Amino acid sequence: MPNRLRSRWLPGYWLRHPLLSLVVLLLGSVAFLLLGIDSAYRTHRLNTYGVRASATVLEVHGLQRDSYVVAAFTTADGHHHVTQITDYYWNPRPRVGDAATVLYDPASPDAIVRDVRIGDDYLTAWVGVGLVVALGSGGGVFLWRTWSMWRENAEDWRSGCHFA
């Protein structure tokens, strides 16, 4: 009596199926690509339309990867803003009350702010986009070349004759 086939809706099947890998690869690539494009856009806005202002550090949050400072500054049109600045130069370590010169985007001074000591950051954004394209295309080629093997593995699991 032959083994009864397992359902395609069970996790054992679709976790082995290459279509899941393709979906994860595409979603991950799109997400990282959008993050890189957003970073390049913010850098472009600051480099093109940025205005310098003197800021005072109100809080310092040095949480290793998620380090930022909260600073207050007054825009050219006289509005007072308090915002988090993640693009802040940490050498020497900032302290509450320190004065810093920031570059802000007049269209969104609360969201797009950078310490002027950081400098232009186009390279980081475009290297990130390049890595996404390279890894995404490499992963796509790998998946394309091994598609039948993964598909057979999923079907073998479904029939009960699998190796893993």
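## Basis of the model

The model is predicted, so local features need pLDDT of at least 70 and side-chain atom pairs count only at pLDDT 80 or more, while totals for chains, interfaces and linings use all residues. Residues are numbered from 1 along each chain as its sequence is written, and side-chain values use heavy atoms, with hydrogens and water left out.

Helices (H or I, at least four residues) and strands (E, at least two) are DSSP runs, numbered from the N terminus.

## Strand pairing

Strand β1 covers residues 51-61 and pairs with strand β4, residues 99-104, in the antiparallel sense over six bridges. Two strands are said to pair if DSSP finds at least two bridges between them. Within this pairing, V51 has Y104 of β4 as its bridge partner, and R52 stands opposite L103 of β4.

β1 also pairs with strand β2, residues 68-74, again in the antiparallel sense and over six bridges; here V60 has V69 of β2 as its bridge partner. β4, in turn, pairs with β5 in the antiparallel sense over three bridges, and the bridge partner of V102 in β5 is D115.

## The largest pocket

The largest pocket holds about 550 Å³ of space. Of the 27 residues that line this pocket, L35, G36, D38, S39 and R42 are the closest to its centre. On a 1 Å grid over the protein atoms alone, a pocket is an open set of points where a 1.4 Å probe fits, with protein on both sides within 12 Å along at least five of seven lines, and lining residues have an atom within 4 Å of a point. Grid points are joined across faces, edges and corners, and the volume is the space filled by probe spheres set on the points.

Helix α2 gives the largest share of the lining, eleven residues. At least two lining residues come from each of α2, β3 (80-85), β5 (113-115) and α3 (122-159). By class, the lining has twelve nonpolar, ten polar and five charged residues. Ala, Val, Leu, Ile, Met, Phe, Trp, Tyr, Cys and Pro count as nonpolar, Asp, Glu, Lys and Arg as charged, and the others, Gly among them, as polar.

L20 lies in helix α2, which spans residues 18-49. L20 counts as partly exposed because its relative accessibility is 29%; buried means under 20% relative accessible area, exposed over 50%, and partly exposed in between (1.4 Å probe, protein chains only). Not counting residues up to four places away in sequence, L20 touches W14 and L15, where contact means heavy atoms within 4.5 Å.

S29 also lies in helix α2, and its relative accessibility of 18% makes S29 buried. The side chain of S29 reaches the backbone oxygen of L25 at 2.8 Å. Beyond residues up to four places away in sequence, S29 touches V132 and G136.

S7 is located in the segment before α1 (11-14) and is partly exposed, with a relative accessible area of 35%. Residues up to four places away in sequence aside, S7 touches Y13, W157 and R158. From S7 to P18 there are eleven residues in sequence and 17 Å in space, C-alpha to C-alpha.

D105 is found in the loop between β4 and β5. D105 is buried, with a relative accessible area of 1%. Leaving aside its neighbours within four places in sequence, D105 is in contact with R45, L46, Y49 and I112.

Technical notes. A polar contact is a pair of N or O atoms within 3.5 Å; within protein, one must be able to donate a hydrogen and the other to accept it, and residues adjacent in sequence count only if both atoms are side-chain atoms.
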